[in-house]
Amino acid sequence: MTSLELRYSVRAIVLDEEDRVLLCRFVLREAAGPPRVLWAAPGGGVDPGEGPLDALRRELREEVGLVLDGGDPPHVWHQEVLDPGIRPGYAGLVNDYYLVRTASFAPRGELTDGDLAAENITGTRWWRAAEVAGYRGTDLFSPRDLGTPLTALLTGAPPGRPVRLGL
């Protein structure tokens, strides 16, 4: 029996001047059944030898075309999910989320549409916290209860240490 590792990723809670959050639309194709749509913060895996903030800067540039200037964004959330079914080839995942405030922009990263599709990304959208919290459709969010920590983040100061999130 081989032991599987956790997939370590970094993600950005990108908020614009209207407190809208930028999410990427992932289409996850299952072996059986219809594809699932998941809305998640931009970001991705940390490459070997790469620091988390370097990975965050790379991922934002590649996926949505956002260049982080200035200081390091605050680390606001930490998510650990131990479930080998959540990410094939891994025992689960770890996501560290950083808060990025920016002016609204039209997302267009360095990756081609084909490159994005290979990462299951089919689009982006700016969402209001109330839209996320009140969503009743079939699409999923990551984390599933994104509206709750997002609303808390918008109504208070960034936490002194990362808030732990579940699936």
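Analyst: What follows takes each feature in turn, with the general idea before the case.

Analyst: This is a predicted model, in which local features need pLDDT of at least 70 and side-chain atom pairs count only at pLDDT 80 or more, while totals for chains, interfaces and linings use all residues. Residues are numbered from 1 along each chain as its sequence is written, and side-chain values use heavy atoms, with hydrogens and water left out.

User: How many residues does α1 have, and which of them are buried?

Analyst: Helices (H or I, at least four residues) and strands (E, at least two) are DSSP runs numbered from the N terminus, and the expected span of a helix is 1.5 Å times one less than its number of residues. Here α1 has 12 residues and reaches 16 Å from its first C-alpha to its last, close to the 16 Å expected. A residue is called buried under 20% relative accessible area, exposed over 50%, and partly exposed in between (1.4 Å probe, protein chains only). In α1 the buried residues are Leu53, Ala55, Leu56, Arg58, Glu59, Leu60, Glu62 and Glu63, and what covers them includes β1 (6-15), β2 (21-28) and β6 (92-101). After α1 comes Gly65, whose phi is positive, near 80°.

User: Where is Pro73 found, and which residues is it in contact with?

Analyst: Contact means heavy atoms within 4.5 Å. Pro73 is found in the loop between α1 (52-63) and β5 (75-82), and it counts as buried because its relative accessibility is 12%. Leaving aside neighbours within four places in sequence, Pro73 is in contact with Leu53, Leu56, Leu68, Tyr98, Leu99 and Val100. The C-alpha atoms of Pro73 and Leu56 are separated by 9.8 Å, with the two residues 17 apart along the chain.

User: How many salt bridges are there in the whole structure, and are the partners in them buried or exposed?

Analyst: A salt bridge is a side-chain nitrogen of Lys or Arg within 4 Å of a carboxyl oxygen of Asp or Glu, and a search of the whole structure finds 12. In one of them, Asp16 pairs with Arg20, the closest N and O atoms being 2.6 Å apart; Asp16 is buried, at 1% relative accessible area, and Arg20 is buried too, at 18%. Asp113 and Arg108 meet at 2.7 Å, N to O, where Asp113 is exposed, at 53%, whereas Arg108 is partly exposed, at 46%. A network of salt bridges links Asp47, Glu50, Arg58, Glu59 and Glu62, and of these Arg58, Glu59 and Glu62 are buried residues of α1.

User: What volume does the largest pocket have, and which element gives the largest share of its lining?

Analyst: Rolling a probe the size of a water molecule over the atoms shows where empty space is left. On a 1 Å grid over the protein atoms alone, a pocket is an open set of points where a 1.4 Å probe fits, with protein on both sides within 12 Å along at least five of seven lines, and lining residues have an atom within 4 Å of a point. The largest pocket has a volume of about 740 Å³, and 34 residues line it, of which Phe26, Leu28, Leu38, Ile86 and Arg87 lie nearest its centre. The largest share of that lining, four residues, comes from α1.

User: Which element gives the most to the lining of the second largest pocket?

Analyst: The second largest pocket has a volume of about 170 Å³, and β7 gives the most to its lining, with four residues. Among the lining residues are Arg108 and Asp113, the pair that meets in a salt bridge.

Notes. Points joined across faces, edges and corners; volume = space filled by probe spheres on them.
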